[in-house]
Amino acid sequence: MSPRSASVNEELRRRSRERLLQSAVELVAERGYEATTLGDIADRAGAARGLVSYYFPGKRQLLQSAVHRLMYLTLYAALEREPRSDCGRERLARAIDAILGLLRDEPLLMRTHMAGILTAEGFVQCPEQQRLAELLRDALVRYGSADPNADYPLLRAHLMGAAVAILLPGAPMPASRLRAELFQRYGLDWELGVPPDGGPPGGTIPSSPSHP
């Protein structure tokens, strides 16, 4: 049998990494962070346990990469769903709705992710996070941002603030209220993206004078 080519080996490594990331998301969503071990993740992925350490320095870094991948996939699906739109304001609205929807649908997972970002290890600059950042930057470019490299950290900060508000135990804010605030900030019509039932809280949203 001839040896595998470099490209085949690279594809196998990519698939193994993807399975580990997917398994991490599934298990932490099911059991919580503390109850999930690296061995559990490797077993769910059908991978050797040593492979986890080969790709990731620890469980916290693995989970951050896994959640960033989930956010990227969720955001990509929202931006590309039919009917596809090249309108910058529609795409930014879809991006905001995709993140808010993930916070609504996966509260345990996203709360664990936010807690990890605030630990001493901080924010992991992994390939999954970079792909997510590129999607958000592209949404800002299409929206009309004159300086997407400066505006992206602000958008990320607004979304992280919304995450804290939605996920705060005991005193969560309604996602629809936070959506209204974000849409007003960026001058987006409520009907863009995936508007929740019931219309905007408190009636219509005034347009921001600063949007492109």
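How far apart do the end C-alpha atoms of residues 37-56 lie, and what percentage of the span is helix?

## The annotated regions

In this predicted model, the end C-alpha atoms of residues 37-56 lie 13 Å apart, and the span is 75% helix and 0% strand.

Over residues 14-74 the chain is 80% helix and 0% strand, with the end C-alpha atoms 19 Å apart.

## Overall fold

The protein chain holds nine helices and zero strands, and from the N terminus on its elements run α-α-α-α-α-α-α-α-α. Taken along the principal axes, the C-alpha atoms of the protein chain fill a box of roughly 65 × 45 × 30 Å.

## Helix α4 against α6

Two packed helices are described by the angle between their axes and the distance between the axes. For helix α4 (residues 59-80) and helix α6 (residues 107-117), the axes come within 10 Å and cross at roughly 125°. An angle over 145 degrees would count as roughly antiparallel and one of 65 to 115 as roughly perpendicular, and α4 and α6 are therefore oblique to each other. The crossing of α4 and α6 is left-handed.

On the α4 side, the residues that meet α6 are Arg-60, Leu-63, Gln-64, Val-67, His-68, Leu-70 and Met-71, while α6 contributes Leu-109, Met-110, Thr-112, His-113, Gly-116 and Ile-117. By class, this contact of α4 with α6 comprises seven nonpolar, five polar and one charged residues.

## Helix α4 against α7

Helix α4 also packs against helix α7 (residues 127-143), where the axes come within 8 Å and cross at roughly 30°. Angles under 35 degrees count as roughly parallel, and α4 and α7 are therefore roughly parallel to each other. The crossing of α4 and α7 is left-handed.

Here Ser-65, His-68, Arg-69, Met-71, Tyr-72, Leu-75, Tyr-76 and Leu-79 in α4 meet Glu-128, Gln-129, Arg-131, Leu-132, Leu-135 and Leu-136 in α7. The residues of the contact of α4 with α7 divide into eight nonpolar, three polar and three charged. His-68 and Met-71 are listed in the contact of α4 with α6 and are listed again in the contact of α4 with α7.

## Aromatic pairing in α4

The structure holds five aromatic pairs. One of them joins Tyr-72 and Tyr-76, whose rings have their centres 6.1 Å apart and their planes at 25°, so the pair is stacked. Because Tyr-72 and Tyr-76 are four residues apart in helix α4, they are separated by about one helical turn. Both Tyr-72 and Tyr-76 are also among the α4 residues that meet α7.

Most peptide bonds are trans. The peptide bond from Glu-82 to Pro-83, however, is cis, with omega near -5°. Pro-83 has its place in the loop between α4 and α5 (88-105).

Key. Residues are numbered from 1 along each chain as its sequence is written. This is a predicted model: local features need pLDDT of at least 70, side-chain atom pairs count only at pLDDT 80 or more; totals for chains, interfaces and linings use all residues. Side-chain values use heavy atoms; hydrogens and water are left out. Helices (H or I, at least four residues) and strands (E, at least two) are DSSP runs, numbered from the N terminus. Axes are lines fitted to C-alpha atoms, for helices over the stretch in contact, and angles run from 0 to 180 degrees between N-to-C directions. A crossing is left-handed if the near helix is turned anticlockwise from the far one by less than a right angle, and right-handed if clockwise. Contact means heavy atoms within 4.5 Å. Ala, Val, Leu, Ile, Met, Phe, Trp, Tyr, Cys and Pro count as nonpolar, Asp, Glu, Lys and Arg as charged, and the others, Gly among them, as polar. Rings of Phe, Tyr and Trp (its six-membered ring) pair if their centres lie within 6.5 Å; planes under 30 degrees apart count as stacked, over 60 as edge-to-face and the rest as tilted.
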